[in-house]
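I opened this notebook to record what I looked up in the model. The entries follow the order in which I worked.

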Amino acid sequence: MQEIIIYVFVLALFEIYESSWQKSSTLGGVIQNIYAKYKQGIFYFFFSHPSFIYTLYLGMKYGLHNFWFLTILFFKFIDISFKLIIVQKLQENRLQEVLPMPLDIKIETWMSYLNVIIYPMLLFLSFMQNG
């Protein structure tokens with residue numbers, strides 16, 4: 001059980017890191033932060049999502065394949081994929097096709113850190129269900 005708590009805590013730390021580099025007070029700021037990471041290189045962009053890599057590692061190491069674990073992987077995959085689509089559309093000056101809303105929408109600080117609560121909780125549930 002102590003080992004599981006450590007794994008969950010490490011995932012929370014990775015989520016804090018990911019939230020910190022994406023955080024901004026507006027949606028446009030978040031998009032610019034994502035684009036800045038992408039411009040540094042595609043591998044740098046992927047390695048800027050350590051929680052996805054870490055979650056894959058834990059899944060393979062412990063044979064996690066239950067609903068809670070697959071939910072984490074699904075949302076992480078969708079998140080990274082959507083960010084790549086946003087970057088592509090931003091480069092083509094066609095961002096409105098995927099985000100038909102004003103980019104000056106305010107983003108509250110707490111919204112940037114929901115993942116720090118949700119994903120570790122799902123990982124804990126995944127370990128508990130795996131037994």
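How many helices and strands are there in the protein? I found 7 helices and 0 strands, where helices (H or I, at least four residues) and strands (E, at least two) are DSSP runs numbered from the N terminus. Read along the sequence, the pattern is α-α-α-α-α-α-α.

Entry on sources. I note that this is a predicted model, in which local features need pLDDT of at least 70 and side-chain atom pairs count only at pLDDT 80 or more, while totals for chains, interfaces and linings use all residues. Residues are numbered from 1 along each chain as its sequence is written, and side-chain values use heavy atoms, with hydrogens and water left out.

Entry on extent. Along the principal axes, I read a box of roughly 50 × 25 × 25 Å for the C-alpha atoms.

Entry on α1 and α7. I looked up the packing angle and found about 155°, with the axes 9 Å apart; axes are lines fitted to C-alpha atoms, for helices over the stretch in contact, and angles run from 0 to 180 degrees between N-to-C directions. That angle makes α1 roughly antiparallel to α7 (over 145 degrees counts as roughly antiparallel). The crossing of α1 and α7 is right-handed; a crossing is right-handed if the near helix is turned clockwise from the far one by less than a right angle, and left-handed if anticlockwise. On the α1 side, the residues in contact include I4, Y7, V8, L11 and E15, and on the α7 side they include V116, Y119, L123 and F127; contact means heavy atoms within 4.5 Å. By class, I count 14 nonpolar, 2 polar and 1 charged residues there. Ala, Val, Leu, Ile, Met, Phe, Trp, Tyr, Cys and Pro count as nonpolar, Asp, Glu, Lys and Arg as charged, and the others, Gly among them, as polar.

Entry on α1 and α4. The angle is about 160° and the axes lie 8 Å apart. α1 and α4 are therefore roughly antiparallel. Among the residues in contact are E3, Y7, L11 and E18 of α1, and P50, Y54, L58 and K61 of α4. This contact has 10 nonpolar, 2 polar and 4 charged residues.

Entry on α4 and α5. Helix α4 (residues 50–62) packs on α5 at about 150°, with axes 10 Å apart. The two are therefore roughly antiparallel to each other. Their crossing is left-handed. S51, F52, T55, L56 and G59 of α4 meet F69, I72, L73, K76, F77 and I80 of α5. By class, I have 7 nonpolar, 3 polar and 1 charged residues.

Entry on the largest pocket. I read a space of about 780 Å³. On a 1 Å grid over the protein atoms alone, a pocket is an open set of points where a 1.4 Å probe fits, with protein on both sides within 12 Å along at least five of seven lines; lining residues have an atom within 4 Å of a point. The volume is the space filled by probe spheres set on the points, which are joined across faces, edges and corners. Which residues are closest to the centre of the largest pocket? Of the 25 lining residues, they are Q22, D79, K83, M111 and S112. α5 gives the largest share of the lining, 7 residues. The lining divides into 15 nonpolar, 4 polar and 6 charged residues.

Terms used
Parallel < 35°, antiparallel > 145°, perpendicular 65-115°, else oblique.
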